[in-house]
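Hello,

Here is the structure you will be working on. Please open it first, then read my notes below.

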Amino acid sequence: MEVQWVLVCHGMVTLTVVVSFLCGHSPVFKGTPIGWIHYFLTFGAWDYLLRFVEFVFGSKGTDAVLSVEGFCCDRPNPFLQIIYLLILGSTYFITVKSSFAYIPGYYIGEVHKYMSFGAVMIGVLLFLLTSFCDPGTVNAKNVSQYVSAYPYDDIIYSEKECPTCKIPKPARSKHCSICNRCVARFDHHCGWMNNCIGEKNTKYFMAFLLWHFLLCLYGAVAIGFILAGRVKELRIVHILTTYYGIKNSFRSLAPRVLQWLVGTYNTQILLLVFFALISLLLAGFFAYHLNLCLTNTTTNEKFKWREYTSLQKKISEAKASAAALKAGMSNNELERPAMSKWRGLWRRSEAKAESIVAKRNMYDKGNFQNISEIVFPLSSRQGFQKPYHKSE
């Protein structure tokens with residue numbers, strides 16, 4: 001029973017941390033334990049650490065911690081790449097040591113020993129391609145090629161010069177402060193890859209997310225078949241019904257079989273839960289980025305559109321307030337409606353922002369064309385000389 005409670009607590013804590021980290025910033029969780037945990041994970045823990053270090057070691061200790069932070073977060077480094085390889089290698093090693101002894105089994109063949117190794121190697125290959133492939137670095141030699149790829153929409157992108165690189169800034173590009181370079185069709189800087197995700201390596205990044213989702217799902221299903229095979233081979237159901245007098249029904253047998261599995265194969269159960277949770281997490285990331293690809297939008301542009309709609313909303317509110325004041329309304333009369341509707345407006349504002357993006361995103365040319373630009377970047381196509389337009 002103690003092992004079961006450890007597993008249950010492990011699963012609940014892991015799920016709570018994952019949900020809090022990914023979703024805790026949402027207004028829905030404001031003032032809830034999920035929101036507090038999100039704040040602690042993203043800001044509070046680091047702030048308390050700095051205060052503790054300053055209290056114990058003084059300003060020199062704080063400077064040392066901040067210098068480590070600068071190395072890990074503000075400049076290229078292989079720290080997270082090494083962690084990824086350690087997680088992948090150690091997980092595969094534990095899986096081999098704990099589960100391969102039961103392969104072949106009742107429901108799973110010996111071929112999965114070799115398939116699993118090949119699947120892991122393909123995952124490593126996609127990781128290396130995403131990490132070391134040029135994301136689309138813009139420099140003085142190729143800037144004209146990137147400028148001609150996409151037109152300026154004069155809303156979130158306008159013709160200007162990068163103040164750091166001192167070259168024209170192509171539409172949809174961004175200067176990455178970590179890599180210190182301009183990247184074409186910039187999506188985001190990925191610490192796990194130690195590289196930016198841009199025009200030329202988005203396809204590898206998407207393949208990486210999809211493959212690792214399938215890899216974790218495959219691991220969870222394979223271990224599930226191994227455990228089901230052990231139940232069948234050892235005739236656990238027969239023993240429970242014949243010798244222990246348990247009723248032969250799913251409701252009666254399932255808890256006892258699960259109890260036996262947790263007590264006998266706790267390592268495999270932990271691996272199954274781990275693979276299942278990571279596969280769900282990767283499925284969410286892949287779905288998010290797939291939606292971006294289908295609409296020809298980037299993570300960077302999502303934030304830019306959000307800032308744009310927020311600014312437009314503030315301007316509209318300011319104009320409405322000025323008009324109301326001119327008409328003789330009091331400040332209290334202006335504030336009451338906004339306060340009464342606040343709790344229900346955030347969903348509408350998000351939907352409105354998405355609508356504005358869909359209407360004004362001139363780079364969206366339909367799902368097929370959008371995906372083709374991910375696979376075959378415009379700036380790399382032979383004979384491409386002028387920017388395209390949505391109406392073409």
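Buried means under 20% relative accessible area, exposed means over 50%, and partly exposed is in between (1.4 Å probe, protein chains only). This is a predicted model: local features need pLDDT of at least 70, side-chain atom pairs count only at pLDDT 80 or more, and totals for chains, interfaces and linings use all residues. Residues are numbered from 1 along each chain as its sequence is written, and side-chain values use heavy atoms, with hydrogens and water left out.

Start with the aromatic rings. Rings of Phe, Tyr and Trp (its six-membered ring) pair if their centres lie within 6.5 Å; planes under 30 degrees apart count as stacked, over 60 as edge-to-face and the rest as tilted. The count comes to 15 aromatic pairs. One of them is Y102 with Y265, edge-to-face, at 5.5 Å centre to centre and 85° between the planes. These two residues are 163 apart in the chain. Y265 is buried, at 5% relative accessible area. Y102 is partly exposed, at 26%. Y84, F127 and F208 form one aromatic cluster.

Next, two charges over rings. That requires NZ of Lys or CZ of Arg within 6 Å of the ring centre and within 35 degrees of the ring normal. R172 sits over Y363, 4.5 Å from the ring centre. K174 sits over F186, at 5.4 Å.

Last, T202. Its relative accessibility is 6%, so T202 counts as buried. Contact means heavy atoms within 4.5 Å. Leaving out residues up to four places away in sequence, T202 touches R185, I197, C293 and I374.

Best wishes

Notes
Helices (H or I, at least four residues) and strands (E, at least two) are DSSP runs, numbered from the N terminus.
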